[in-house]
Amino acid sequence: MSFQVFGIPVSRGVAIGRAVLVASSRVDVAHYFIDEAHVPGEIKRALRARDEVARELESLKEDMPEDAPHELAALLDVHLMLLHDEALLGATRQWIVERHYNAEWALSAQLEVLARQFDEMEDDYLRERKADLEQVVERLLGAMAAELGKGQVGAAQVVQRDFAGEDPLLLVAADIAPADMMQFKRSVFHGFITDIGGKTSHTAIVARSMDIPAVVGTREASRLIRQDDWVIIDGDSGVVIVNPSPIVLEEYRFRQRQSELERARLARLRHTPAVTLDGERIELHANIELPADAVSAVEAGATGVGLFRSEFLFMNRGGELPTEEEQFQAYKAAVEAMKGMPVTIRTVDVGADKPLDRMSANELRHEHVLNPAMGLRAIRWSLAEPSMFRQQLRAIYRASAFGKIRLLIPMVAHLSEIRQILETLRRVKQQLDDAGQPYTHVDLGVMIEIPAAAVMLPLLLPHVDFVSIGTNDLIQYTLAIDRADEAVAHLYDPWHPAVLQLIASSIAQARAAGKSVSVCGEMAGDAAFTDLLLCMGLRSFSMHPSQIPSVKQRILRADSQKLKLALPAILASEDPEKTASLAFAATSQRLH
Ligand code: PEP
Ligand code: MG
């Protein structure tokens, strides 16, 4: 049966493929593809885990005190029966062989299939056995993790298999943490659907950086869609079509081809300098998460990196922090890949919807932190962990010997934080001098993403070389709207007059003080806001590499002098979006 699910479109385009469901409670197990050579090893891991759990359960049975209720022994028997049922491990083996999932992923995929079957059972007793099945799977996953922990078996290699000729796969999950999303980067997934999330949640940002269609905030997609269902993701409108009819499928295939042609057309702008009709040169920088992304930044025609979200180097490490040397190598790699163009490295911005590791994700979600978006995140965390912070700064400074680096500090709200940062930098440079480590001058910048920073900008500016406006958080904190919460996503409004006032005044004040200012939030990469930002006087944008061509096209057709005239009316308007659209239409000199 064909049906539709509606959500928030976060990454453009059309994707058509088969659904891969990842259970939300198990989304934090490793999900990666293995190559052919690792298939037998992965199956053996699953079987060893089964044997280990069987031993555990048998010994629990044997050690059961005589007066233990007999239901307990019966329960262990049920668990043993489920463990040995071919429907669990036999089918898990199929996922490994046919799809090349790693063992943990294969097991949770199969759990997902069986859980659905249990949910549909009429008989209450049988339906309740789903909880037992989940417990057995938890034990199996635990056994696999323990084996890896003992270092007996190395995790199979993450590989980029060539899936040419196979059905495209679309990932469906209740939620995907940004850290898990990173695992899927450059994977074979052609699209993403999640139940929760907002337009600028970090999961959406990573999906956008992967440049594949994605819809978040569907609330129930992961409950309604089944493994292997055929699904269309319309990343432009936020519609997900499950088991489409042949006519609908054909229509979307046509749209898919159209958008590929459009991309190919825009890609030709790669070497065209971003200059407005009235001759203003605009800087188009890239946002990256990992050093390897610098390659796509250069390919897309970026003239620098405006935001390297360094926190992604800190994720998927089981809670361990990267060493100074590891970080140095990563920053150096990014700088070298940018071939002399500037690289803006933002110090670690963990917390809120970007927890450091899985344990802290749970801690943050549960009892320990009431309001993580307002808690110990970003620079607050760095200043609370001085040796970690110094280590990161040393690594960044050391990499400055290999190319132009700019240092960007997230979530600054207090002058005292800037003073502490300057003092830490003095110490770090002293340490490098003492060790004879070379480094060069590094510009210091702060992110304007808390309204307090925007309001007190004249006081911050004398202490820094540049500022970068993080509109994602600025909107979140100005409007008190959790950027990752789909329930309030309709109120997350970049066109809100208060947001526009803060962005416009930050740009104007920085420019008046002769300091460079850019926008690195998602507004910078959305061509719907290009005219607006140009009209506010912005001359430096930072965005996902894939967004550069469409923003550049907009810039090439804009006249910044004419746009500027519209600013007072937009800022005074009760409906700025409408005012802007009328004013820009009247002043524009669009080529087409
Ligand atoms: C922002 O807040 O706009 C920003 C660029 O930082 P992040 O999205 O990583 O919070
Ligand atoms: Mg931010």
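Mentor: A residue is called buried under 20% relative accessible area, exposed over 50%, and partly exposed in between, with a 1.4 Å probe and protein chains only. The model is predicted: local features need pLDDT of at least 70, side-chain atom pairs count only at pLDDT 80 or more, and totals for chains, interfaces and linings use all residues. Residues are numbered from 1 along each chain as its sequence is written, chains are lettered from A and ligands numbered from 1 in the order in which they are written, and side-chain values use heavy atoms, without hydrogens and water.

Trainee: Where does Ser546 lie?

Mentor: Helices (H or I, at least four residues) and strands (E, at least two) are DSSP runs, numbered from the N terminus. Ser546 belongs to the loop between β16 (540-543) and α22 (548-556). Its C-alpha atom is 8.3 Å from that of Met210, although the two are 336 residues apart along the chain.

Trainee: Which residues come nearest to ligand 1?

Mentor: A residue is near a molecule if one of its heavy atoms lies within 4 Å of it. Of the 16 residues around ligand 1, the nearest are Arg309, Arg346, Gly470, Asn472 and Arg483. The largest share of this shell, three residues, is supplied by α19.

Trainee: How is the shell around ligand 1 divided by class?

Mentor: Ala, Val, Leu, Ile, Met, Phe, Trp, Tyr, Cys and Pro count as nonpolar, Asp, Glu, Lys and Arg as charged, and the others, Gly among them, as polar. The shell has seven charged, five polar and four nonpolar residues.

Trainee: Is Ala480 buried or exposed?

Mentor: Ala480 counts as exposed because its relative accessibility is 67%. This residue has a positive phi of about 55° although it is not a glycine, and lies in the loop between α19 and α20 (497-512).
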